[in-house]
Structures are given as C-alpha cells and as structure tokens.
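Me: Can you walk me through reading helix packing and strand pairing in a model like this one?

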Amino acid sequence: MPLAAQLIDATKKYGAVEALKGVSLNIELGEVVAMLGPNGAGKTTSISLLLGLRKPTSGKAQLFGLDPSDLNARSRVGVMLQESGIPEMLRVREIVDLFRSYYPKPMVRDRAIAMAGLEEKATALVKQLSGGQRQRLYFALAVCGDPEVLFLDEPTVGMDVEGRRSFIERIAEFADMGRTVVLTTHYLEEADQLAKRVVVIDRGVVIADASPQEIKSKVAGKRVRFTSGNLSDGDLEGLPVTTTTITDHRVRLLTNQPESVLRELFRKGIEISELEVSGADLEDAFISLTSHKAPE
Amino acid sequence: MASAIVARAPILPMLVRQTGAEFLKLWRVPAFSITSLFLPVMFYAFIGIGQSKQQIFPGVSFGAYFLASMAVYAVANVMIFSFGISVATERGQKMDVLMRATPMPPWVYLLSKCITALAFAAMTLVVLFPFAYVAGSVRLEPSEWFTLAYRVLLGSIPFIALGFAIGYLSGPNSAVAVINLIYLPTAFASGLFFPKQLLPQFIQNIAPYLPLHFFGQLGWDAIGAPTDGSVTTDWLYLAGYGVLFFALALWAYRREEGRKFT
C-alpha cells in the first residue's frame, strides 16, 4: 500500500522541552488510526509535523512522499485542529464555499454541510453557533475538499456524550468511503469504535502500535473496582496488582488474581462497597501501558 | 506512488472567494464599515461645509482643500485599520493556524486583504466626493476629481504595509489603541484637520517628514493648491516610506512564522 503519511525518527524540541523523542510512524492509505495518549504526550505535535505546521528538530515528516508544507500534498488532506478560529462574521455556507475553493475536487457544498449535520444552520453566522455546532462546522471544513486523508486533532473535545456519539458516526461514515483517517483522542472508546489501529504515545515516544484487540490482550486479567473510605496506598503493597488508580474514594486496579487480592483486603479490614469485577478493557490497557512511566 | 497530476485548485476562483470573504468580514462589522465610510463625511460636515466657499489660495476654496485632506485621511484610515485590526484579531483567534494547514497559498490571503482594503478605500471616496459636491459646493475639473482619486488610492499602498506591520506586532486588544496613538496625532501633525501653522513649533519641525504629510501634499496638489516641493518628491518620499513599512511588515511576519510554524 502507498503511504499517506510518514514520520521517520522525528524529534521535536520547544526550547528545552522535548515533545517528541524519535517517533517513526507509517500510515497507509485507507487506514483509520487513532493516536492515544495523555495530555502533553506529543499527539498534537505529531499531527503538526505531519501537516507541516511545525518542522521536526531532527528526522523527517512526509505526506504522500512529499514535504508536508507542499501545497500539492496539502490539497489531498483535510484538517480539524484544536484551538483554531474561524471568522465569526461569515455564514456557515459562505465559509464552506471558501474552504471548498482551496481544493481541486471539492464536494458539493450541501453534501459537506449534510455530512456535518449542519443543514439547519447553513445560513447562520459562525458567531451564532454553539460549541458543538462549531466543532461540526470544523468537520465540514475538513471534509469539504473531499480529501484522501483526514487529520482530526481531538475532534470531540468539549462535546457531550450524545454529541460525541453522533460525531463518531460521522467520522466512521467518512472512513467507510475508503478514506484515511488519523485522529488523536484521549477517549478510549472512540479509538475502540473507529480505529483498526491504535498508536499509544506517551512522553514523546510510541509505546504501543497495534489493533485495539491486541492492546487489550496485553493486559491480562481482571479489572476490580470498588469504593473504600479507609484504603491507603500501603494496603496494596505486596499484592499481585499491576496497576492502581485511586480518585477520591473510588479504587480501580488490575490483577490476575482478583480473589486473593480481595481476600487480603477484607482480612486487613478495608471497607469495600460498590464492588465490580470485570474483564479489562482498552482503557485499562491504556492506563497499564502509560502508568508505569507516568505515575499520577 | 500516488500521482502528482491531480495538483491544486485553480488560483483565480480561490482569490475571488477569499476576497469576497474578507470583504464580508469587514462589511459586517459596523464599527469598521460605518466608521470608515461615514467618519470622513462627518468631519467634512463639521469642519468643511461652514467655510467651504472661502478662497484660501487663488482659485482654491476651503471646501476643495478640505476635501483633499479628508480623502487622504479616509483612505489611509481604511488601510491601517482594515489591515491592522483584522490581522491582529485573526492572529488572536488562531485563524491563521487553520488557514496554514489548507492548500491555500499565504499570498492569496494577503492579496485578498489588499484588494478588500482598496475596495473599501474606493467606497469611502464614492461617499465623500458626492457629499463634498452637494453639501460643500465643491466644483472641480473632471481631471482634478480623477487625479485626486487615483493619487489617494495609489498613495495609500504604503499604509497597507503599515497596517499589516501593526497587525503582526500588536495583540488583538491593543491594535486599536496602537493605531489611534500613531495615526490620529500624525494626521493632525500633517495638517489634515487644520493648517500646520496653528500647531506647536516642535511639531511643525517634524511634520514635513511624516508620511501623511507627503500623502496630503499629493491630495492638495491634485485640486490645485500650492504645496512645498514637487509632486515627484512627494511620490519618492512616499515610496521610501512604503519600502520601510514593507520591510517592517515582512520582519514582523517572519518573526511570527518563526514562533508559530517552526
């Protein structure tokens, strides 16, 4: 398969901060790839390098085998970025028409607006749109050029659950047309629903690159969740637990031996309520992959 | 490998769309569109009309003289404000980042802004000239109207660069203040509102070197008023300022590029 986008041992420094420490990544045409990682892991930097918005400090970034700032390469790419603005005083269909004019073979305007579910807002000014509608407009602008590759940087950030669900469906619809989609997210279920390949980035390094199933299978065992008022960190020492997160009094841990862990906790007189034991999911895998490197 | 034949979108339709969008962006902000179109007319009504028939030079009425002043003021005003504020605002809202990721060449964006600024400048004249004709009873030869119009439009180009530089050097909230602090005093010092002879001596000493002074002279000469030096000198000085402002704008633009896109 021809490569859509490629990072070759790319590093990026912002002053003294090393955002990427040698990332190599091949994205083939037709792939749907999710880049996962905690905030500051280097996801946005990777996307910026692939789009030519930033230049690698060392190594290389390429789009369709070209320099990413080459307009021939950019003509085949649609983009949705975090924290980018659009003119407030233009109407939705005006700005979609504007962005369509940037591309050699754009979609029909109404189709782009329909793909984003903005039909009812086509004549509204940008400044009249809600946050979620704005995100959908950015999506319309990203797809209106009928691009071969779509880059989405945290596309559902700030959306409610329902908004995210329908937005994911729209992205899936675009991917089903055989297009390449590269998205960054910190919502694991999005990666699980959309992508056939998940690239986990942490502290500027790729720590996993596999299918969602494979990543899940890396984390053997069960997830145990419960609420406890009197659990302290020391209580878990010496127990066969791989990963633990405690927020407020909600405890979550991964283990291959849930029975013996619980027996030991009961023996120590730990109060346990709202107990739940289930198979590990992608989120557990993610926490387990990143936590040993980035303890809370 | 993927073929390189598909290439890019045609430039002309892109430029037309971009210019249309730039125009609407400004047109729909009354703080800009109303002010640029009607502030010069209002100044003309307050200052110019009352004594418009008075002869201030042989064969030159105050009405005609002040029309030239206001034409220069209005056009330079549009150039500095439309560029300065829109560039500063768009940087503040990070619109430039999304634009940069599209296949639109950055020069299309800049050229569309220049065309829009010139269109607004021409519109201010379309409002100001008939007003001066009717309310100020200004009578000029057709060639004089024409000379005034083309000189102020052509002479405004250095101020596009100045507006651009201000847009890149100041923040979205400070651009208006910076522009007013620079533009209004120099407009006064250059004699666009009242004769320089009434200004303090130290300002009179600086005035003949200000860009708006040379720009004003081109306007006054167009309607037959006597000016210092020749028109050629005025054009040369203005061109010199143009080069200076473009260099400043380019430096500011590069500085921004270095920060945001490397």
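**Helices, then a strand**

Reply: Take helix α5 (residues 106-135) and helix α6 (residues 142-155) of chain B: their axes come within 10 Å and cross at roughly 150°. Axes are lines fitted to C-alpha atoms over the stretch in contact, with angles from 0 to 180 degrees between N-to-C directions. So α5(B) is roughly antiparallel to α6(B) (the cut-off is over 145 degrees). It's a predicted model: local features need pLDDT of at least 70, side-chain atom pairs need 80 or more, and totals for chains, interfaces and linings use all residues. Residues are numbered from 1 along each chain as its sequence is written, while chains are lettered from A and ligands numbered from 1 in the order written.

Me: Which residues in α5(B) meet α6(B)?

Reply: Contact means C-beta atoms, placed from the backbone, within 7 Å. B:Leu118, B:Ala121, B:Ala122, B:Leu125 and B:Phe129 meet B:Trp145, B:Ala149 and B:Leu153 of α6(B).

Me: And where do the side chains of β3(A) point?

Reply: In a regular strand, side chains alternate between the two faces of the sheet. Here A:Val32, A:Ala34 and A:Leu36 point one way and A:Val33 and A:Met35 the other. Five of the five residues of β3(A) (residues 32-36) are buried, so the strand is largely enclosed by the rest of the structure; buried means 20 or more other C-beta atoms within 10 Å of the residue's own, with C-beta placed from the backbone.

Me: Which strand does β3(A) join over five bridges?

Reply: Pairing takes at least two DSSP bridges. β3(A) runs parallel to β7(A) (residues 180-185), joined by five bridges, and A:Val32 stands opposite A:Val181. β3(A) also pairs in the parallel sense with β8(A) (residues 197-202) over four bridges, where A:Ala34 partners A:Val198.

Note on methods. A residue is buried if 20 or more other C-beta atoms lie within 10 Å of its own, exposed if 12 or fewer, and partly exposed in between; C-beta atoms are placed from the backbone. Helices (H or I, at least four residues) and strands (E, at least two) are DSSP runs, numbered from the N terminus. Angles under 35 degrees count as roughly parallel, over 145 as roughly antiparallel, 65 to 115 as roughly perpendicular and the rest as oblique. Two residues are in contact if their C-beta atoms, placed from the backbone, lie within 7 Å.
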